[in-house]
Amino acid sequence: MRENRTCSLSGGRRPARKRASSDPTAAKSANKAGPPVAELMEPRRATKENTDQTPKSRTLCREIEVSGLERVRQRSKSHPKERMTALLHHLTVGTLWSAYDRLKRNAAPGVDGVTWQDYGEDLIPRLTKLHQRIQSNRYRPQPSRRAYIAKMDGLKRPLGIAALEDKIVQGAVVDVLNAIYEPAFMGFSYGFRPGRSPHQALDALAYGIKCRPVNWILDADIARFFDTVEHDWLMRFLEHRIADPRLLRLIKLWLEVGVLEAGRIIASEEGTPQGAVISPVLANVYLHYVFDLWAHRWRQRHARGEVILVRFADDIVAGFEHEWEARRFHEDLKARMGQFGLELHPEKTRLLEFGRHAAVRRMRRGLVKPETFNFLGFTHLCGRSRQGHFLLKRQTRRDRMQAKLRELKEELKKRMHQPIPVVGKWLGQVLRGYYQYHAVPTNSPRLSAFRYFVGRLWWRTLRRRSQRDGFSAKRLARLVSDWLPKPRILHPWPEARFAVNHPR
């Protein structure tokens, strides 16, 4: 008779393992030979399993079972024009639990006043009831609570803070939408996508400017994008891939539920509430059809020279080899945005000469050095390396750094009478977090300046703790050396990391 063999990675035989008993009084055999001596076994905890996954069958060659959302993702990739049906059943108690776990613990509550900690006290029964309401079409979202945050230009940005249960359901729907649309989104779209970051967008832009014949840059910004998204167009775009009326009904309810401001509910006829969990993916879907597909087709049909595209949410940067192509793209883009209720910001949208030959060409025409543009918190400049070659320099935006220093100044006033080690430890954490994003090559001067000004703010705060000012600059230098970490570059050069992420 043939022997039964178990499948293993090495291909050899593997003896069957006996499952340990959960009985705390169970005995196991002694390691040494001799009379049977038994010792008590330590009980094992039950294995944690995801509630939305079925237990895997124990076969000889254990095949990897694909989850439901992974099957949706694979189907969307293999059939890019097919409409997906029966999607709401993917909103299980397990997916709702996962969406709840991803929420911020200290986020502000919505109109219901329920915090993350309050909802977690009786989590499983609440999620079960929420799941039943969703599947029976009895779920109704609550209006978002209106809040405002200050912008860099002095204006205020309106935010919509949803109720906690609405955040949970939106997070689960985001997982479904990502499974459908991630295989379809264009490669030059980086904003609010899983596995993509702002630094990847910065690397792609820097690589395109340095390694491609780019001579002109169009820095485009959509004015009040999240407030001007037309609901009818958005629903039509979603219907291109989604044929589940119950899921579409959920999304439409969130768009039309409105916001609660000054004690009254204001209906939403257009736009998506900023701050909502589902708003970023809906914005990507909208711009995928309005800009991404159109820009890719424009580049293939009309461009004669090199064209690079990078988009992060509503911030768009396009690079061109020829000036006439850049100007034509600019005009066509304004017309394209107008067809879908959008408008380019007249002040933030600029066409400028930029690239490796910009400085020389402008000098021949008697002009000043090339202009700069901002993208994702950095100012991009045309510079030269020590060998005299073109070098794209990226520095922290001056206004962003000043805003951060003002924020630290107010916080230091609140911590004025705390012990020096406590404040020093906190400032060290602030600087490390700042370096994590801003410590890119060519940005060392701005990082050193930020550390210097943080030390000055700390010194002023310490000197105000007493009327007798006995805090010397020498003592401050020791504190800065002990508590404020020195800046060092944490990110590689753009072309090095871009080559790793894009082997082509």
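**Figure 1. Buried residues of helix α6 in the predicted model.** Helix α6 covers residues 198–211. Its buried residues are H199, A201, L202, D203, A204, L205, A206, G208 and I209.

**Figure 2. The bend in helix α10.** Helix α10 runs through residues 279–301 and has 23 residues. From its first C-alpha to its last it reaches 32 Å, close to the 33 Å expected at 1.5 Å a residue. At H288, α10 bends by about 50°.

**Figure 3. A tilted aromatic pair, one of 21 aromatic pairs in the structure.** The rings of Y100 and Y119 lie 6.1 Å centre to centre, with 40° between the planes. Y100 belongs to helix α2 (residues 93–102) and Y119 to helix α3 (residues 116–120), so this pair ties together parts that are 19 residues apart in sequence. Both Y100 and Y119 are buried.

**Figure 4. A stacked aromatic pair formed by Y434 and F450.** The ring centres of Y434 and F450 are 3.8 Å apart and their planes stand at 10°; because planes under 30 degrees apart count as stacked, the pair is described in that way. Y434 lies in helix α14 and F450 in helix α15, so the pair ties together parts that are 16 residues apart in sequence. The relative accessible area is 8% for Y434, which is buried. F450 is buried as well, with a relative accessible area of 0%.

**Figure 5. A cluster of aromatic residues linked by ring pairs.** The residues joined in this cluster are F225, F226, W233, F237, Y286, Y289 and F340.

Figure 6. T442 has a relative accessible area of 19%; because buried means under 20%, T442 counts as buried. Its side chain reaches the backbone nitrogen of R394 at 3.0 Å. Leaving aside residues up to four places away in sequence, T442 touches L391, L392, K393, R394, Q395 and W493.

**Figure 7. The protein as the setting for these views.** The secondary structure comes to 17 helices and 13 strands. Of the 504 residues in the protein, 42% are buried. Among contacts between residues at least 6 apart in sequence, 69% join residues at least 24 apart. The protein exposes about 29,800 Å², and carbon and sulfur atoms supply 50% of this area.

Definitions and conventions. Residues are numbered from 1 along each chain as its sequence is written. This is a predicted model: local features need pLDDT of at least 70, side-chain atom pairs count only at pLDDT 80 or more; totals for chains, interfaces and linings use all residues. Side-chain values use heavy atoms; hydrogens and water are left out. Buried means under 20% relative accessible area, exposed over 50%, partly exposed in between (1.4 Å probe, protein chains only). A polar contact is a pair of N or O atoms within 3.5 Å; within protein, one must be able to donate a hydrogen and the other to accept it, and residues adjacent in sequence count only if both atoms are side-chain atoms. Contact means heavy atoms within 4.5 Å. Helices (H or I, at least four residues) and strands (E, at least two) are DSSP runs, numbered from the N terminus. Accessible areas come from the Shrake-Rupley method with a 1.4 Å probe; for residues, only the protein chains shown count as cover. The expected span of a helix is 1.5 Å times one less than its number of residues. The bend at a residue is the angle between axes fitted to the seven residues ending there and the seven starting there. Rings of Phe, Tyr and Trp (its six-membered ring) pair if their centres lie within 6.5 Å; planes under 30 degrees apart count as stacked, over 60 as edge-to-face and the rest as tilted.
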